[in-house]
Amino acid sequence: MYKLLISNDIHDFNLQEALDEISASRREKALKFKHEQGQRECVLAYLLLKRALKEVYGIDENPELIEQEGGKPMLKDHPEIHFNLSHCKSAVACVIGDEPVGVDIERIKNYNAQLARHTMNDKELQEIKASTDEARAFIRLWTKKEALLKLTGEGIRSDLKTVLNRENVRFDVTEGDDYVCTVGKFIQ
């Protein structure tokens, strides 16, 4: 079981006030983004994590995040709680639960056939071509791949065509007007 929070309120909060409310390490990470858009996405992802921790586990303090080998984040003081964050220009997602989870959220952009040929296998390319909305179909598959790689902690790797060749993962897809969000979770 997991809880997914998605927000497209990237510009609906006071960035300066929010920066003062988050942990020093997250503030530092957010301020490394050159543009305000990236800062807002980073801060909002953390705020969603704080909200989920409070709602699900009653945790009020600012969580300290550390990275596992491979870059997957974890809560320093609560390794038993699993979470993952993702953001794009349209929305931000946070997933939290008692078991490993991965999430990816991507804005739907114009379909790029060259990128699709580089990252999708023949079956996936057929699925995209058969769709009435190639851009959305591509992003749906892409978010599954990224959610899986974030679930396992592998991160983006060179051969993306074989990523979805697993039977022990379930994907839940949520779609907005201009984004697709996918949560990946191991099947028990």
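Student: In which strand is the place of Leu75?
Tutor: This is a predicted model, in which local features need pLDDT of at least 70 and side-chain atom pairs count only at pLDDT 80 or more, while totals for chains, interfaces and linings use all residues. Residues are numbered from 1 along each chain as its sequence is written, and side-chain values use heavy atoms, with hydrogens and water left out. Helices (H or I, at least four residues) and strands (E, at least two) are DSSP runs numbered from the N terminus. In that numbering, the place of Leu75 is in strand E3.

Student: Does Leu75 count as buried or exposed?
Tutor: The terms rest on relative accessible area, with buried meaning under 20%, exposed over 50% and partly exposed in between (1.4 Å probe, protein chains only). Because its relative accessibility is 2%, Leu75 counts as buried.

Student: What distance separates the C-alpha atoms of Leu75 and Pro63?
Tutor: Leaving aside residues up to four places away in sequence, Leu75 touches Leu49, Leu53, Pro63, Glu64, Leu65, Ile81 and Phe83, where contact means heavy atoms within 4.5 Å. Pro63, one of these, is 12 residues from Leu75 along the chain, and their C-alpha atoms are separated by 6.5 Å.

Student: How far from Lys72 is the nearest side chain of opposite charge?
Tutor: Lys72 is found in the loop between strand E2 (65–67) and strand E3 (73–75). Lys and Arg count as positive and Asp and Glu as negative, with His and the chain ends not counted, and a salt bridge is a side-chain nitrogen of Lys or Arg within 4 Å of a carboxyl oxygen of Asp or Glu. Lys72 is buried yet has no salt bridge, and the nearest oppositely charged side chain, that of Glu154, is away by 9.9 Å.

Student: Which residue's backbone oxygen lies 2.7 Å from a polar atom of the side chain of Lys72?
Tutor: Not counting residues up to four places away in sequence, Lys72 touches several residues, among them Lys150, Leu151 and Gly153. Of its polar atoms, one in the side chain lies 2.7 Å from the backbone oxygen of Leu151.

Student: Within what arc do the buried residues of H5 fall?
Tutor: In helix H5 (residues 122–130), Glu124, Leu125 and Ile128 are buried. They line one face of the helix because, seen down the axis of H5 and taking the directions from that axis to the C-beta atoms, the buried residues fall within an arc of 100 degrees.

Student: In E8, which residue is the bridge partner of Glu175?
Tutor: Strand E8 (residues 179–186) is mostly covered, with 7 of its 8 residues buried. Two strands pair if DSSP finds at least two bridges between them, and strand E7 (residues 169–175) pairs with E8 in the antiparallel sense over 7 bridges. A hairpin of 3 residues joins E7 to E8, and the bridge partner of Glu175 in E8 is Val180.

Conventions:
Polar contact = N/O pair within 3.5 Å; in protein donor to acceptor, adjacent residues only side chain to side chain.
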